[in-house]
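This report goes through one protein model, part by part. Keep the sequence and the 3D view at hand while reading.

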Amino acid sequence: PPGLAPGLTVGKSAPATVAPGAPLPYTVTYGNSGGAAASGVVIRETLPAGTTFVSATGGGTESAGIVTWSVGSLGAGVTGQTVSFTVAVTA
């Protein structure tokens, strides 16, 4: 029915500057502002150029330069959820 669809949102933030070799943390904020639950939710973030993967929270894994989180189900109206990953600046 109209109005009862999932409405997935995702955003990413990081510090504006960082020194070479220093850790650079990224925060990924996600949610479901829709009127129905979403299932099988997966978040994928590509590592920025000139960086190497260090770690991820929330069960995130890195493979071939992509960090992946298998969120699973996300209820209707659930917003403000976060996961993060850290890279080292190499360039």
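Leaving out residues up to four places away in sequence, V10 touches V28, T29 and Y30. The model is a predicted one. V10 belongs to strand β1. Is V10 buried or exposed? Its relative accessible area is 57%, and the cut-off for exposed is over 50%, so V10 is exposed.

V10 can also be placed relative to T46, which lies 36 residues away along the chain. The C-alpha atoms of V10 and T46 are 14 Å apart.

Strands of a sheet pair through backbone hydrogen bonds, and the pairing may be parallel or antiparallel. In this model, an open sheet is built from four strands in the order β1-β2-β7-β4, and the pairing is antiparallel. Strands β1 (8-13) and β4 (51-56) are at the edges; each has a single partner strand, so one side of each has no neighbour in the sheet. From one strand to the next, the twist averages 25°.

How many bridges join β2 to β7? Eight bridges link strand β2 (residues 23-32) with strand β7 (residues 81-89), and the two run antiparallel. L24 has V87 of β7 as its bridge partner.

## The nonpolar core

In soluble globular proteins, nonpolar side chains tend to be buried together. The largest nonpolar core of this model contains 15 residues. Which of them have the most contacts inside the core? They are V28, W69, F85 and V87. At least two residues of this core come from each of β2, β3 (38-46), β6 (66-74) and β7.

## A buried glutamate

E45 is part of strand β3. Is E45 buried or exposed? Buried means under 20% relative accessible area, and E45, at 12% relative accessibility, therefore counts as buried.

The side chains of E45 and K12 are joined by a polar contact of 3.0 Å. With neighbours within four places in sequence left aside, E45 is in contact with K12, V28, G65, I66, V67, W69 and F85.

Definitions and conventions:
Residues numbered from 1 in each chain as written. Predicted model: local features only at pLDDT ≥ 70, side-chain atom pairs only at ≥ 80, totals over all residues. Heavy atoms only, no water. Pairing = 2+ DSSP bridges. Axes fitted to C-alpha atoms, helices over the stretch in contact; angles between N-to-C directions. Core = buried A, V, L, I, M, F, W, Y, C linked by side-chain atoms within 4.5 Å. Buried < 20%, exposed > 50% of the residue type's maximum accessible area, 1.4 Å probe, protein only. Polar contact = N/O pair within 3.5 Å; in protein donor to acceptor, adjacent residues only side chain to side chain. Contact = heavy atoms within 4.5 Å.
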